[in-house]
Amino acid sequence: MNVEKQRLLIARLTAQVMQRRRDFLHRTSATLIKNHDLVAAEELRSRNLLKNHALAMSIQDNGWRMFLSMLTYKVALYGKNFVTVDPRNTTQTCHACGHIMSGKEKLTLKDREWICPKCGIHHIRDVNAAKNILARAKAKFVSMH
Ligand SMILES: [Zn+2]
């Protein structure tokens with residue numbers, strides 16, 4: 001296979017992967033909006049924070065940006081509500097007692113489950129973060145209406 005043909009093949013495969021990713025985000029955002037009255041998500045991190053992350057992180061962020069924009073316009077289509085919240089400490093805050101993990105306690109990406117040192121509750125990392133995001137979104141939603 002010559003170089004020109006290989007280049008075309010790679011371009012075609014890349015386009016397929018991107019299209020599949022977009023389709024997935026379309027289906028997921030539509031399902032979320034259709035089935036829930038309020039959808040909550042974290043805002044994109046600031047540019048400053050992004051600078052400290054690896055390329056993989058910024059690719060992930062582009063996907064997230066696309067997902068947020070899909071949610072934003074579908075909310076109007078289905079007459080539902082979409083609220084974004086400040087992502088600061090959504091992972092590090094205990095949903096039960098409000099304790100914020102800091103210093104040596106601070107959770108790393110490897111910590112999928114943890115026990116709050118203040119109230120002793122066992123958390124699944126992403127479930128705890130989701131509860132914090134929803135609580136913030138509800139408070140913001142109430143203040144907006
Ligand atoms: Zn706690």
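**Terms and values**

Q: What makes Asn89 partly exposed?
A: Asn89 has a relative accessibility of 27%. Partly exposed lies between buried, under 20% relative accessible area, and exposed, over 50% (1.4 Å probe, protein chains only), so Asn89 counts as partly exposed. Asn89 is found in the loop between E2 and E3, and its phi is positive, about 60°, although it is not a glycine. Most residues other than glycine have a negative phi.

Q: What kind of model do these values come from?
A: This is a predicted model, in which local features need pLDDT of at least 70 and side-chain atom pairs count only at pLDDT 80 or more, while totals for chains, interfaces and linings use all residues. Residues are numbered from 1 along each chain as its sequence is written, and side-chain values use heavy atoms, with hydrogens and water left out.

Q: How many helices and strands does the protein chain have?
A: The protein chain has four helices and four strands, where helices (H or I, at least four residues) and strands (E, at least two) are DSSP runs numbered from the N terminus. Their order from the N terminus is α-β-α-α-β-β-β-α.

Q: Why are Cys97 and Cys119 called partly exposed?
A: Cys97 has a relative accessibility of 30%, and therefore counts as partly exposed. The relative accessible area of Cys119 is 35%, so Cys119 is partly exposed as well.

Q: How do you know that E1 and strand E2 pair?
A: Two strands pair if DSSP finds at least two bridges between them. E1 and strand E2 (residues 81-85) have five bridges, in the parallel sense, so the two strands pair. Thr84 in E2 is the bridge partner of Ala41. In strand E1 (residues 38-42), Val39 and Ala41 form the covered face, whereas Leu38, Ala40 and Glu42 form the uncovered one.

Q: What is the span of helix H4 set against?
A: The expected span of a helix is 1.5 Å times one less than its number of residues. Helix H4 (residues 125-144) has 20 residues and reaches 29 Å from its first C-alpha to its last, close to the expected 28 Å. Its buried residues are Arg125, Asn128, Ala129, Asn132, Ile133 and Ala137; they pack against E1, E2, E3 and E4.

Q: Which residues does Leu44 touch beyond four places in sequence?
A: Contact means heavy atoms within 4.5 Å. Leu44 touches Asp61, Trp64, Arg65 and Leu68, not counting residues up to four places away in sequence. Leu44 lies in the loop between E1 and helix H2 (47-51) and, with a relative accessible area of 27%, is partly exposed.

Q: Why is Gly63 called partly exposed?
A: The relative accessible area of Gly63 is 25%, so this residue is partly exposed. Gly63 lies in helix H3 (residues 55-78).
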